[in-house]
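Please read it alongside the sequence and the three-dimensional view.

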Amino acid sequence: MSLRSTWVDLIPGPLVRYFARPYVAGDSIESALEVAADRFRQNGSLATLDLLGEDVTTAEQVTRNVDIYKELIERIPAQPGIGEAATRASVSLKPSAFTAGSRDDARRPLVEIVRHAREFAVPLTIDMEDRNWTDFTLDLSCDLFEQGFDVGTVVQTRLQRTRDDLERLPAGMRVRLVIGIYPEPAEIAITSKVEMKRRMVDYAARLLERGIFVEFATHDEATLATFLREVAPAAPDRCEIQMLLGVPRFDFLRGLAEGRFGVTVGFRRYVPFAVGWEDATAYLRRRMVENPGMSLLVLRNLWQRR
Ligand SMILES: Cc1cc2nc3c(=O)[nH]c(=O)nc-3n(C[C@H](O)[C@H](O)[C@H](O)COP(=O)(O)OP(=O)(O)OC[C@H]3O[C@@H](n4cnc5c(N)ncnc54)[C@H](O)[C@@H]3O)c2cc1C
């Protein structure tokens, strides 16, 4: 039985959409910009906007995704708050959304978007997908950064190779540190979450030493506190915390704003949006297959909102 034909496919679309609401900023560029601007107004959250469109099988879908990103990039600078130069929203994108064939086919559309982003001074991060994309993503993002584009990348602490990968990242680059969402085989990845999180803290320290801007992306409050107390003080202006839209961390964020951790760093929400609910529903189904516990997390989030 393939992963695509699991119990997740049996859940009706409207129910998936209901669960998706805390996580997805709507079904248009407009709604994504509104949600991001609203978070900025409410509590000064920065944003990185991401189109949900990974399941690409045709050249037309690639062209559509390129066009959506270009329009998004053009509109960001005009938005109140999230368009200002100092607090401008960035965009995040997944290479698999830009190829219907080989990985290398994704290069040309990605470069086209990166050039567009430079024209509108919008920072861009290339997300990290599963192990098949690691070399492609690191090679391309480092190459573009070294050519002078404001391109950042992501490294996953679950992969054994990451310790070495850190050493090739150029100083000044933005690097998001995550544990990694894709289950990987034991030959190339660690399985202990405790160890993945310990490595997040260690790797953040190493990246700061190397002059890199660290985007520390986790919802684990103990790991965040260790990072803020033990690592960030070395270079707080090169640290940022990132969380996914829809994951409530009210006490932690209040503490961060009040200086409870003894250091001030930026905070950014990852704001996924779709153009049409079909993509959002497909995205949610994939995440639920990868991580069945997510359904429970969504329920808990809804509960915490009350
Ligand atoms: C901004 C951002 C960008 C990311 N980009 C990438 C990427 O490019 N590539 C990649 O492989 N992974 C990416 N991830 C996912 C990341 O790798 C982890 O899978 C994810 O963040 C969950 O791990 P955690 O560190 O929060 O720890 P966990 O131990 O999984 O979670 C810590 C706590 O937060 C809760 N929690 C975690 N996730 C959620 C959720 N979605 N909703 C509600 N509660 C939750 C858990 O229940 C637990 O209590 C990104 C994550 C963030 C926050």
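Leu124 stands opposite Val151 in strand 4, where helices (H or I, at least four residues) and strands (E, at least two) are DSSP runs, numbered from the N terminus. The chain crosses from strand 3 through helix 5 (residues 134-146) to strand 4 in a right-handed β-α-β crossover, meaning that, with the strands pointing away from the viewer, the path from the first strand over the helix to the second runs clockwise. This is a predicted model, in which local features need pLDDT of at least 70 and side-chain atom pairs count only at pLDDT 80 or more, while totals for chains, interfaces and linings use all residues. Residues are numbered from 1 along each chain as its sequence is written.

**Strand 4 and its partners**

Strands 3 and 4 run parallel and are joined by 2 bridges; two strands are taken to pair if DSSP finds at least two bridges between them. On its other pairing, strand 4 is joined to strand 5 by 4 bridges, again in parallel, and Thr153 has Val175 of strand 5 as its bridge partner. Because 6 of the 6 residues of strand 4 are buried, the strand is largely enclosed by the rest of the structure; a residue is buried if 20 or more other C-beta atoms lie within 10 Å of its own, exposed if 12 or fewer, and partly exposed in between, with C-beta atoms placed from the backbone. In a regular strand the side chains alternate between the two faces of the sheet. Here Val151, Thr153 and Val155 point one way, Gly152, Val154 and Gln156 point the other way, and all are buried.

**Strand 8**

Strand 8 (residues 266-273) is mostly covered, with 6 of its 8 residues buried. The table lists its two pairings.

| Partner strand | Sense | Bridges | Bridge partner of Tyr270 |
|---|---|---|---|
| Strand 1 (residues 46-51) | parallel | 6 | Thr48 |
| Strand 7 (residues 239-244) | parallel | 5 | Leu244 |

Strand 7, helix 9 (residues 250-258) and strand 8 also make a right-handed β-α-β unit.

**The ligand shell**

Tyr270 is one of the closest residues to the ligand, together with Asp127, Val178, Thr218 and His219, in a shell of 23 residues; a residue is near a molecule or strand if its C-beta atom, placed from the backbone, lies within 6 Å of it. At least two shell residues come from each of strand 4 (151-156), strand 5 (174-178), strand 7 and helix 11 (293-305). By class the shell has 13 nonpolar, 6 polar and 4 charged residues, where Ala, Val, Leu, Ile, Met, Phe, Trp, Tyr, Cys and Pro count as nonpolar, Asp, Glu, Lys and Arg as charged, and the others, Gly among them, as polar.

**Core and loop residues**

The largest nonpolar core has 75 residues, and Phe273 is among those with the most contacts inside it, as are Leu49 and Val271; such a core is a set of buried Ala, Val, Leu, Ile, Met, Phe, Trp, Tyr and Cys residues joined through C-beta atoms within 7 Å.

Ile82 lies in the loop between helix 3 (59-75) and strand 2 (90-93), yet it counts as buried because it has 24 C-beta neighbours inside 10 Å. Ala121, in the loop between helix 4 (107-119) and strand 3 (124-126), is exposed, with 12 other C-beta atoms within 10 Å. Most residues other than glycine have a negative phi. The phi of Ala121, however, is positive, near 55°.
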